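Good morning, and thank you for coming.

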Amino acid sequence: MRELDRLFERWLDRCWATSSESERDVFRRLLECEDDRLWKWFLGHERSPDAQLDALVQSIRALPPDP
């Protein structure tokens, strides 16, 4: 899904270089989730039951859009 790709790219561009290995592992786990579930999380219709994934989703959602 192109919209998800843009959200992930935003995090990669802004956060990957300074993230810890454990944060990177959580991001990799996020990429393994199904698109329909991810979309619900990013739209705020549902929250991940996994606290680490939910925290990452919320931080990605909080990133300001690209100019």
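Let me begin with a definition: a salt bridge here is a side-chain nitrogen of Lys or Arg within 4 Å of a carboxyl oxygen of Asp or Glu. As background, side chains of opposite charge can pair when their charged atoms come close. Please keep in mind that this is a predicted model, in which local features need pLDDT of at least 70 and side-chain atom pairs count only at pLDDT 80 or more, while totals for chains, interfaces and linings use all residues. Residues are numbered from 1 along each chain as its sequence is written, and side-chain values use heavy atoms, with hydrogens and water left out.

How many salt bridges does this rule give? The count is 5. One of them joins Arg-28 to Glu-21, with 3.2 Å between the closest N and O atoms.

Another salt bridge links Glu-46 with Lys-40, at 3.9 Å from N to O. Here Glu-46 has a relative accessibility of 31% and counts as partly exposed; Lys-40, at 35%, is partly exposed too.

A further salt bridge is between Arg-47 and Asp-54, with an N to O distance of 2.8 Å. Elsewhere, salt bridges with shared partners connect Glu-21, Asp-25 and Arg-28 in one network.

Let us stay with Asp-54 for a moment. Asp-54 is located in helix α4, where helices are DSSP runs of H or I with at least four residues, strands are runs of E with at least two, and numbering starts from the N terminus. Contact means heavy atoms within 4.5 Å. Setting aside residues up to four places away in sequence, Asp-54 touches Arg-47 and Ser-48; Arg-47 is also its salt-bridge partner.

Now to helix packing. Helix α1, residues 2-15, packs against helix α4, residues 51-62, at an angle of about 90 degrees, and their axes are 10 Å apart. The axes are lines fitted to C-alpha atoms, for helices over the stretch in contact, and angles run from 0 to 180 degrees between N-to-C directions. The two helices are therefore roughly perpendicular, a class that covers 65 to 115 degrees; under 35 is roughly parallel, over 145 roughly antiparallel, and the rest oblique. From α1 the contact involves Leu-7, Phe-8 and Trp-11, and from α4 it involves Leu-56, Ser-59 and Ile-60.

At 8% relative accessibility Phe-8 is buried. Beyond its neighbours within four places in sequence, Phe-8 is in contact with Phe-27, Leu-30, Leu-31, Leu-38, Phe-42 and Ile-60. Phe-8 and Leu-31 are 23 residues apart along the chain, and their C-alpha atoms are separated by 8.7 Å.

Finally, the cysteines. A disulfide is a pair of cysteine sulfur atoms within 2.5 Å, and the count by that rule is 0.

Technical notes
Buried means under 20% relative accessible area, exposed over 50%, partly exposed in between (1.4 Å probe, protein chains only).
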